[in-house]
Structure formats: C-alpha cells, structure tokens
Amino acid sequence: METGTRVDNVINFTINIMKTLDEFVELFAELFDTVDPEEIHADTVFHDIDEWSSLIGLSVIAMVDDEFDVALKGDDVMNSVTVEDLYNRVVEKL
Amino acid sequence: MSSLTTKNVRIAGVAACVPKTIEENIDLPFYDSKEEIVKIIESTGIKRHRIVEDGTTASDLSVKAVERMVSDLGWEIGSVDLLLYVCTSRDYYQPMTSPIIQDRLGMRQDSFVMDLPLGCAGWVYGMSVATSLMCQGTLKRGLLVCAETNTQSHSLKDRTSRPLFGDAATVTALEFDEGYDTPMNYVFGVDGSGAGAIMAEYGGFRNPVTPESLVEREIEPGVIRKGNDIVVNGMDVFSFAIRRPPRSLKELIEKFGIDTEKTDYLFLHQANRYIDDRIRKSLKFPEEKTPFCLDDFGNVSGASIPLTMVTRAADGLRGDDKHCLACGFGVGLSWASMEFTAGHLVVSELVEY
C-alpha cells in the first residue's frame with residue numbers, strides 16, 4: 001500500500017517535470033539566431049541546418065542540462081539525426 | 001564524499017612566468033572568415049595566449065617563476081624543504097622533472113621533491129597534498145609549482161584547440177605557521193569513465209609510439225594531429241564542466257558550512273568564459289568577485305588559478321585576509337574544490353621569458 005503510493009508519487013512527479021516533444025522542439029529552435037523557429041520540427045534533420053555548428057551543439061547540451069538536468073554526451077548530439085531522436089536520448093537518460 | 005581539512009599552513013606568496021611570445025587568436029589562419037574567429041573569441045572569452053619557443057619547456061618557465069618568488073620572499077633556496085611539480089608537460093619520459101628543477105634551483109638534496117601529473121584540477125590537488133605534508137610541522141617551507149606548455153602537447157594544426165590553450169608556469173609558496181588555525185578545506189571527485197574526453201592516445205604503454213602513430217593525419221578540415229597529440233572531445237568536456245564543478249563547490253559549501261556572503265574571491269580553473277560564467281551564476285556569485293585571466297592567457301591547465309591570482313587579484317591578496325573558494329576541473333576526469341584564506345601575500349610581478 002505504502003509502496004504503491006510512493007510509486008504513484010514518483011509517476012506524478014515525472015509527469016510534472018517531463019517536457020513534451022513539442023516543448024523540446026521549441027526550446028531547441030530558440031538556440032538558433034538566424035533560423036525561423038517555425039521551420040524547425042520534430043523530424044528536422046538538424047545537422048543539415050545552415051546555422052548548425054559545434055557551438056550550437058554546446059548550447060543544446062547546456063539547454064538540456066538547464067531544462068532536464070540531464071548530461072548529454074557529444075555522441076548523443078552527433079549521432080542523433082532528427083530533433084525527435086535527440087529528445088528520445090534525453091528521455092532515456094531521465 | 002572524500003574531504004580534507006588542513007591547518008597550520010599558510011600561503012606566503014604566488015608568482016608566475018609566461019613565455020614572452022603572444023599569439024592573437026584573431027590572427028590565426030584556420031578560419032574561413034573573421035566572423036568565425038570573432039564568434040569563437042566571444043563565446044570562449046579567450047583573445048590571446050602565450051606560446052613557448054621551440055626548445056623551451058615548462059620546467060624552464062618554472063625555474064624562472066621560482067627564482068623570482070624566493071627572491072621576492074627573501075627566502076634562501078636552501079631553506080625550502082618541499083617542492084611539488086604539478087605538470088604533464090614533462091621534460092623527459094624518465095626521470096620525473098622535479099629532480100631536474102631541484103638541481104637547477106640548487107635546492108637541498110635532502111628535500112622532499114616529486115611530480116604530480118595532474119592537469120586542470122592540479123592546483124587544488126597540489127595544495128591538498130602540499131598542505132597535508134607540511135601541516136605535520138617538519139617541512140616548514142614548500143613550493144607548489146603548477147605549470148603546463150599546452151602548445152607542445154596539443155597539435156598547432158588543430159583549429160579546435162589552438163585558440164583555447166596557452167603556456168604558463170606558476171609557483172605558490174607555502175609556510176608552516178604553528179597557531180595559524182584558519183583551515184583549508186577540500187572536497188574531491190573523479191570519473192575515469194570520462195578518461196577519453198581529454199586524452200593523448202599514443203605515447204604511453206597502452207599504445208606505444210610507433211612510426212605510424214607519429215604521422216600527421218587530417219581528421220577534418222583544419223584539424224591535423226599526430227597520435228601523441230592531446231585530443232579534446234569538446235562536447236563531452238563541456239557537458240562535464242557545466243555539471244560537476246558547480247556541484248563540487250556546492251558540496252564544499254554545504255560540508256563546511258561556508259557563508260558565501262563573506263567570500264571575497266571565487267577562483268575558477270580558466271576553462272572558457274561560457275563554462276566559467278555558468279559555474280559562477282549557478283552559485284549566484286557576483287562577477288566582480290570572480291576574477292578571469294583567460295582573455296589574455298587562455299586555458300593554462302593547473303597554472304590557471306595561481307596565474308589568475310598573480311595577474312588579476314594581486315592587490316587584493318597583498319592586502320588583508322581574503323576568504324577564497326577555488327575549483328579545478330578537467331582531464332581525468334578529475335575535479336576538486338577548496339576553501340582557503342589568503343592575505344598579506346607576496347605577489348610577484350609577472351615574469352616573462
């Protein structure tokens with residue numbers, strides 16, 4: 001009984017802090033200076049964006065640290081293809 | 001959590017020597033446009049750094065720094081009981097470098113001398129070892145030398161590292177002072193799963209040097225390295241550096257009940273401005289209490305913190321006691337934070353060689 005309550009609490013807590021894919025895409029799009037946020041979607045191949053650079057890669061890592069308290073590695077950023085892939089890597093590490 | 005407290009040892013002085021040659025990042029040849037290098041300078045905060053000439057080593061700079069330090073302190077070199085040499089840019093594979101420095105300085109043959117091959121966390125680790133040995137009271141005068149010639153261990157044809165790293169040697173002079181009961185407090189951390197984040201793959205016994213490993217290879221445009229050059233995985237290091245150091249400082253503050261309101265200086269390893277600003281902001285530390293010297297000297301590994309003291313906090317440290325926090329972090333991956341008090345220090349003018 002007691003254990004069940006604790007699990008429920010954990011689940012509720014996780015739902016509360018969990019950002020949706022849409023919110024993640026929005027946060028991701030904000031990292032670019034010259035790209036219209038409307039042009040970035042969950043299925044965008046982000047390495048192909050003109051403004052993409054290793055510096056933006058660093059700001060992705062910083063954003064994920066701020067918003068999710070998750071440590072992304074270089075490989076997570078380099079091996080993800082779409083913004084959704086990146087989101088899934090973050091969720092795996094939560 | 002591994003922590004440590006030492007007493008009865010105080011910092012007597014600090015000195016530094018840098019190569020006289022200045023390399024301006026804006027003039028580096030690698031970049032497609034001025035815009036690109038301007039952006040790198042803005043995000044890292046590093047405008048220039050010092051670079052040794054061929055044939056000069058970290059120990060050469062170190063000897064100059066120590067000679068200036070002991071002269072300004074009015075110490076006879078024969079009165080020095082201990083010397084720790086925190087450096088990975090060693091003169092030879094064998095022997096360690098500190099005996100060579102002992103001989104060049106004319107230190108006594110019955111003194112305590114050894115190398116500690118740490119990188120960016122080196123000053124804090126070095127202080128913990130030096131003060132632990134000296135607080136017993138038999139080793140009365142000590143020199144903690146922290147030096148690195150990064151331009152020799154990184155490829156000069158690597159656009160990802162050349163703007164960031166510089167060369168410098170520093171010395172922190174320590175003195176046993178019975179009754180000086182202001183403690184130095186430390187916390188430590190290590191994560192060897194990140195060993196590959198900053199690594200020279202060839203040249204040790206895991207991957208001995210072979211003729212092939214010494215061939216320059218183009219990894220990508222603007223990045224040419226040999227197998228024994230240090231490779232920095234920028235994203236992995238960044239991910240580490242924005243998370244571990246703030247947590248380490250918070251551990252220190254909590255463990256030792258530190259009131260950061262009364263802290264005068266936060267000395268951070270000079271990694272890059274973006275990382276250091278994040279660490280500072282996460283502790284809600286004001287900018288004016290967090291001195292930076294990376295704009296002029298870049299990342300000089302374990303020499304970063306004492307070089308910051310010499311070039312950016314000299315007047316403050318020459319005055320009354322200052323309450324200080326420090327955090328070193330980097331290759332290993334290894335990190336450490338420290339609380340100490342420093343005042344009435346002899347701070348030498350920057351030596352150029």
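Helices here are DSSP runs of H or I with at least four residues, strands are DSSP runs of E with at least two, and both are numbered from the N terminus. You're looking at a predicted model, where local features need pLDDT of at least 70, side-chain atom pairs count only at pLDDT 80 or more, and totals for chains, interfaces and linings use all residues. Residues are numbered from 1 along each chain as its sequence is written, while chains are lettered from A and ligands numbered from 1 in the order in which they are written.

**Exercise 1. Describe the build of chain B.**

Start with the elements: chain B has 11 helices and 18 strands.

Next, take the box: along the principal axes, the C-alpha atoms of chain B fill roughly 60 × 45 × 35 Å.

Now try the radius of gyration, which is taken over C-alpha atoms; the globule rule is 2.2 Å times the number of residues to the power 0.38. For 353 residues a compact globule would come out near 20 Å, and chain B agrees with its 19 Å.

Then look inside. A residue is buried if 20 or more other C-beta atoms (placed from the backbone) lie within 10 Å of its own, exposed if 12 or fewer, and partly exposed in between. Of the 353 residues in chain B, 49% are buried.

Finish with contacts, meaning pairs of residues whose C-beta atoms, placed from the backbone, lie within 7 Å. Among contacts in chain B between residues at least 6 apart in sequence, 79% join residues at least 24 apart.

**Exercise 2. Work out how helix 2 and helix 5 of chain A pack.**

First, the geometry: helix 2 (residues 21-29) and helix 5 (residues 83-93) of chain A pack at about 115°, with their axes 10 Å apart. Helix 2 of chain A is therefore roughly perpendicular to helix 5 of chain A (that word covers 65 to 115 degrees; under 35 counts as roughly parallel, over 145 as roughly antiparallel, and the rest as oblique).

Second, the residues: Leu21(A), Phe24(A), Val25(A) and Phe28(A) in helix 2 of chain A meet Val83(A), Glu84(A) and Tyr87(A) in helix 5 of chain A. By type, this helix contact has six nonpolar residues, no polar ones and one charged. (Ala, Val, Leu, Ile, Met, Phe, Trp, Tyr, Cys and Pro count as nonpolar, Asp, Glu, Lys and Arg as charged, and the others, Gly among them, as polar.)

**Exercise 3. Find which parts of chain A touch chain B.**

Count the two sides: 12 residues of chain A are in contact with 10 residues of chain B.

Then locate them: helix 3 (54-68) and helix 4 (74-79) of chain A each supply at least two residues of the chain A side. Helix 3 of chain A gives the largest share, seven residues.

Lastly, sort the chain A side by type: seven nonpolar, three polar and two charged.

Definitions and conventions: Axes fitted to C-alpha atoms, helices over the stretch in contact; angles between N-to-C directions.
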